[in-house]
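Q: I would like a close look at one part of this model. Please keep to the contacts between charged side chains.

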Amino acid sequence: MTAIRVLLVDDDPLVRAGLSLMMGGADDIEIVGEAADGGEVAALVDRTRPDVVLMDIRMPGVDGLTATERLRGRPDAPQVVVLTTFHADEQVLRALRAGAAGFLLKDTPPAEIVDAVRRVAAGDPVLSPAVTRRLMEHAAGSTADARRARARARMAGLGEREREVAVAVGRGLANAEIAAELYLSVATVKAHVSRVLAALGLDNRVQIALLAHEAGLLDEFPEEGH
């Protein structure tokens, strides 16, 4: 099995050492590089070709949000998971809109961080529906109506089945769960997700979830325990 290549970006050498030690014991994960500032990321990505970047938000030079935006704008960009010691909704939301595959608090148990890296490398986001819902509520503000109208207009361009799949993604369901609920094969669900991403011009499943929330399509569903 090919190891998942991971790049660590954090200005605290102790945090980098801890993450490296934490993931170094996993047979399927390889730490291919470390950076102390977001400004170093582009060159390191070119040199090490990581699958996943663990990105701190607060850094003294180029912060993690700016680095994520720059990185995700590149072709064949690696997946980015934002790491933070605090729960700053606006910053997390900005990172997700930039194309980050999710975020983790630095005090997340080691086994969960390792699992998150595996999930992101496999194409699944690491963001619970409850957190996504809270982020969207926080971001609503005075532009809620206009934002919802724009989101609804975008979602209206999807076919019925693609729309159902998009809502299921927004609820945090994995492909196998969507397949069981909609009586489809997992391969068909993956194909629908790909079509949704292409039709909406989105980068990953987290952005589908955010758009579904913005459009109000999840209001009728209770928060799932994912």
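Which side chain meets Asp 28 in a salt bridge?

A: Arg 118 does, in this predicted model. The N to O distance is 2.7 Å. The pair links distant parts of the chain, 90 residues apart. Asp 28 sits in the loop between helix H1 (13-24) and strand E2 (29-35). Arg 118 belongs to helix H5 (residues 110-121). Asp 28 is buried, at 14% relative accessible area.

Another joins Asp 46 and Arg 74, whose closest N and O atoms are 2.5 Å apart. Asp 46 lies in helix H2 (residues 41-48), and Arg 74 in the loop between H3 and strand E4 (79-84), so the pair ties together parts 28 residues apart in sequence. Asp 46 is partly exposed, with a relative accessible area of 41%. Arg 74 is partly exposed too, at 26%.

A further bridge is local. Arg 161 and Glu 164 meet at 2.6 Å, N to O. Both lie in helix H8 (residues 160-170), three residues apart, about one turn of the helix. Arg 161 is partly exposed at 31% relative accessible area. Glu 164 is partly exposed at 30%.

Now back to H3, residues 64-72. Its buried residues are Gly 64, Leu 65, Ala 67, Thr 68, Leu 71 and Arg 72. They cover an arc of only 160° around the axis, so they fall on the same side of H3. At the start of H3, a side-chain oxygen of Asp 63 comes within 2.8 Å of the backbone nitrogen of Leu 65.

Key
Residues are numbered from 1 along each chain as its sequence is written. This is a predicted model: local features need pLDDT of at least 70, side-chain atom pairs count only at pLDDT 80 or more; totals for chains, interfaces and linings use all residues. Side-chain values use heavy atoms; hydrogens and water are left out. Buried means under 20% relative accessible area, exposed over 50%, partly exposed in between (1.4 Å probe, protein chains only). Helices (H or I, at least four residues) and strands (E, at least two) are DSSP runs, numbered from the N terminus. The arc is that of the directions from the helix axis to the C-beta atoms. A polar contact is a pair of N or O atoms within 3.5 Å; within protein, one must be able to donate a hydrogen and the other to accept it, and residues adjacent in sequence count only if both atoms are side-chain atoms. A salt bridge is a side-chain nitrogen of Lys or Arg within 4 Å of a carboxyl oxygen of Asp or Glu.
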